[in-house]
Amino acid sequence: MMNVNLKKLTFLAFVLCINFSVFAQSKNVQLPANWFNLDLLENGYFGISTEKAYRELLKDKKPKQNIIVAVIDGGVDTKHPDLQHVLWTNKKEIPGNGIDDDGNGYIDDIHGWNFIGSKKGNLEFDNLELVRLLRLYTPKYQSTTNLTPLDSTQKEEFKLYKKMVGDFGKKYEDASNTFSVLIAINKVLDSVAKINKKEIPTMEDVDQYKADDETEEQVKTIIRKGAKEDGSFEKFYKSIKEGYKQYDAMLKYNLNPKYDMRAELVGDDYSNPYQKDYGNNDVKGPDAFHGTHVSGIIGADRTNSEGILGVANNVSIMAIRVVPTGDERDKDVANGIRYAVDNGAKVINMSFGKSYKWDKKAVDSAVKYAELKGVLLVHAAGNDNQNNDIEENFPNKFFESKEAEAYKEANKKPSKPEFTPPRPIAQNNGMGMRSPYDRSAIVKPAPIDSAKFNLPHANNWIEVGASAYKDDDNLKADFSNYGKYNVDVFAPGFLIKSTIPDNRYEEADGTSMASPVVAGLAALILSYYPDLKPAQVREIIMKSVSKVAHKVKYKNERGENVRRPFSEICVSGGVVNAYNALKLAETYK
């Protein structure tokens, strides 16, 4: 996501220069469709050695068990030819009879369940959790000052409220400015298409287009650069159109406090976190791109000649829809986990996340239930290039507990950060855009206290960062969150080709793509070694990573360009490896 502060379109060049920095992987590359399953030494791509494992370790072995993998996401296209034969089917349910045949509380749940819909339709858009919380706290605290008498609970709420107001302002400004950029680019692209009477113009058409003014000439320059960096004009054109759609939805729905269609389109008692009997059986929903892509990575049919090869060869994908365009709700996540567990899933993939929580205890309870029932949870670390050891990211494996509350009370942060006067620096970076102050000097970050990572937490949880294809200092995907204590492993998450709705295939980036690589690996291990417990599978995956011996570069939490050992950005210090994991699993009794 572009992060700009645009008041004149001159800023656009600055914005795109940031995005095309040496710390980002170039998309001007043609990768094998199956690169994430390839082997570094054999093929030259830092995949997870899946094909090598099938060829050398599993050739004469048969899977002992079909593993159900629940994909808790935004929807799955159950008619995709590469997924049709690997879908979980509820054999206790008679399709289309309108009766809850198996008595599990869900009518006609043939391939899963949709917790964000009803007989009235499906919820496509929702707010960010930040906006929902502001809707709750604004009436209570909008007139409050630092001099207002408050009890201890109110003080904590007021502190949170002030933080949220600041975060909302920044997000709204960033989104508005970014949308302005996208409008400008779209205007030129649409004008070029109209003049040439084409639905989609070409780069040659753009070059020949006579700009109306200096602003449009600047946009043409940016289009040229963007097309080069993305590998083709077509890819750049598509990314701009998708970006426009994303930011339009963000301003209309995600960041709009007046938008709330939950009651009308879902109709549950949202105040009751224990309610389960709501939703519908439309597991595809209005936008199944993300969930379909995730599903293909896990288990796209390996026995046909279609599209791609999933990681696991003996899985059933259970589709559970809880994620709208916007932030998922904790109640739905908790119910999604419980549904998956109760219907036989052994692995649950969760490629979603947010910066604020509403009812973490409800999610914690479901995570504990999954742990009790022997189910492994695999979660994407997030795409903000943030240090998860410092920044909040939900859901996570840490429980709200007495120990956590005691730690928080004993380690309360001071109301104001320690201040160091900013240092003036040279202002000219070639584009006249650099700040006159070194912002990294303003706040001294406190050292991370590793003791908090020993607080009560789930042992059936794997947190996954995203890696790129080349074994060099750009191995960490530039967008991926990281954390020496909070991110367990990395897995391929850059230009991953997989299934998308309407029988198509497409490349996508994100920890959302890395997480299902690990979920697929977990299912592959369990299908041959079904007696392993979740904690053992987690241990096997983490112990068997391909260790990264060299440093990787990224921007840290202070915005500094740094190079650090891979062991400083994740617990295991490596990228998951199917070949190594299966060899290690063989030794477990």
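User: Into which domains is the protein divided?

Analyst: The model is predicted. The division gives domain 1, made of 36-126 + 279-410 + 448-586, and domain 2, which is 132-253. Their C-alpha centres are 28 Å apart. In the contact there are 13 residues from domain 1 and 13 residues from domain 2.

User: How is the packing of two helices read, and at what angle do H7 and H8 pack?

Analyst: A packed pair is described by two values, the angle between the helix axes and the distance between those axes. Here helix H7 (residues 214-230) and helix H8 (residues 233-254) pack at about 110°, and their axes are 7 Å apart. H7 is therefore roughly perpendicular to H8, because angles of 65 to 115 degrees count as roughly perpendicular.

User: Which residues make that contact?

Analyst: H7 contributes Ile222, Ile223, Gly226, Ala227 and Asp230, and H8 contributes Phe233, Lys235, Phe236 and Ser239. By class, the contact of H7 with H8 has five nonpolar, two polar and two charged residues.

User: H7 also packs with H5. What are the angle and the distance between the axes there?

Analyst: For helix H5 (residues 152-195) and H7 the angle is about 90°, with 10 Å between the axes. These two helices are therefore roughly perpendicular to each other as well. On the H5 side the contact has Ala184, Ile185, Lys187, Val188 and Leu189, which meet Glu216, Val219 and Ile223 of H7. Six of the residues in the contact of H5 with H7 are nonpolar, none is polar and two are charged. Ile223 of H7 is listed in the contact with H5 and also in the contact with H8.

User: Which residue has a positive phi although it is not a glycine?

Analyst: Lys197 does, with a phi of about 50°. Lys197 lies in the loop between H5 and helix H6 (203-208).

User: Which residues line the largest cavity?

Analyst: The lining consists of Asp330, Val333, Lys357, Lys360, Val363, Phe394, Pro395 and Asn396. Helix H11 (330-342) and helix H12 (360-372) are the elements that give two or more residues to this lining. Four of the lining residues are nonpolar, one is polar and three are charged. Both residues of the cis bond, Phe394 and Pro395, are in the lining.

Conventions:
Residues numbered from 1 in each chain as written. Predicted model: local features only at pLDDT ≥ 70, side-chain atom pairs only at ≥ 80, totals over all residues. Heavy atoms only, no water. 1 Å grid on protein atoms, 1.4 Å probe; cavity = no way out; pocket = protein on both sides within 12 Å on 5 of 7 lines; lining within 4 Å. Helix = DSSP H or I, 4+ residues; strand = E, 2+ residues; numbered from the N terminus. Nonpolar A, V, L, I, M, F, W, Y, C, P; charged D, E, K, R; others polar. Axes fitted to C-alpha atoms, helices over the stretch in contact; angles between N-to-C directions. Parallel < 35°, antiparallel > 145°, perpendicular 65-115°, else oblique. Contact = heavy atoms within 4.5 Å. Domains from an automatic or database assignment.
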